[in-house]
Amino acid sequence: MKQYLVSVVMPTYNCGRYIKEAVESVKRQQVEWELIIIDDASTDDTKERIEAYQKDERIHYIRNSKNEGVAKSRNQGCKYAKGEYIAFLDADDWWKIGKLKKQIEKMKKTNTILCYTGRELFDEKGKSKGKIIRVKERLHYSDLLKTNSIACSSVVVKKEAILEFPMEHDELHEDYLTWLRVLEKYDMACGINEPLLCTRLTKDGKSRKKWKTVWMTYGVYRQMRIGKIKSFWYVGRHIIRSGLKYLKG
């Protein structure tokens, strides 16, 4: 059985028009990788577009018989993965060359279990919006409680950690909840303050619905067993920091 350093887990639902760019960005990475595409019962031409990659033994395509949601799809990919590390990439995002290599090197140097990067924002057509989201090079659990500065498509995490804390609660920010649980145990993650992730802002993204995302964030804090008053306090900080982040670019 072939072993890989990094298993890339890519959930997709009706992202056929974007998925080639995402897959090609994985192919350009400079580490031993495998790509696990979890098609969550798409109704577009995703399956046909993936057929062009089926001869590459590193690329695996799994199709759900019914729509399971992004959390279950990612978890399914993680269970299938053979790599020492798991990297997440949504099918409408893409990476810059060297991303995975830089992250693995940083994780080994800092002895951390999770690494994230900065990102550049693009519109739905793939045109840069001229905004860079920068990140700190170290992030502790207490910092992450104040705001979610970890973009899911930027993450590389040790496989054992993500299997210990699988994603759940699609109705909330399922990735934020997992990062909090990971850092609650392991305390620190490392960051690379470079826009190695290209984030496509689509009209259907959960984070685009501002008031809904406020309540989803509140729900994450409640899942973390944080009291109601303190949860509202954290939500307030989250709103302020998120607003400043997008204004500064």
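Author: Two strands are said to pair if DSSP finds at least two bridges between them. The model discussed here is predicted.

Reader: In which sense do strand β5 and β10 pair, parallel or antiparallel?

Author: Strand β5 covers residues 94–95, and two bridges link it to β10. Within this pairing, W95 stands opposite L197 in β10. The sense of the pairing between β5 and β10 is antiparallel.

Reader: Which residue of β10 is the bridge partner of E120?

Author: Strand β6 (residues 114–122) runs parallel to β10, and seven bridges join the two. E120 has its bridge partner in β10, and that partner is C198.

Reader: What is the bridge partner of L139 in β10?

Author: Strand β8, residues 138–140, pairs with β10 in the antiparallel sense over three bridges. In β10, L139 is bridged to A189.

Reader: Why is strand β1 largely enclosed by the rest of the structure?

Author: A residue counts as buried under 20% relative accessible area. Strand β1 is largely enclosed because its buried residues number seven of seven.

Reader: How many bridges join β1 to strand β2?

Author: β1, helix α1 (residues 16–27) and β2 make a right-handed β-α-β unit. The two strands run parallel, and S7 has E34 as its bridge partner in β2. The number of bridges joining β1 to β2 is seven.

Reader: Which residue in β4 is the bridge partner of V6?

Author: β1 also pairs with strand β4 (residues 85–88) in the parallel sense, over four bridges. The bridge partner of V6 in β4 is Y85.

Terms used. Residues numbered from 1 in each chain as written. Predicted model: local features only at pLDDT ≥ 70, side-chain atom pairs only at ≥ 80, totals over all residues. Heavy atoms only, no water. Buried < 20%, exposed > 50% of the residue type's maximum accessible area, 1.4 Å probe, protein only. Right-handed = clockwise from strand over helix to strand, strands pointing away.
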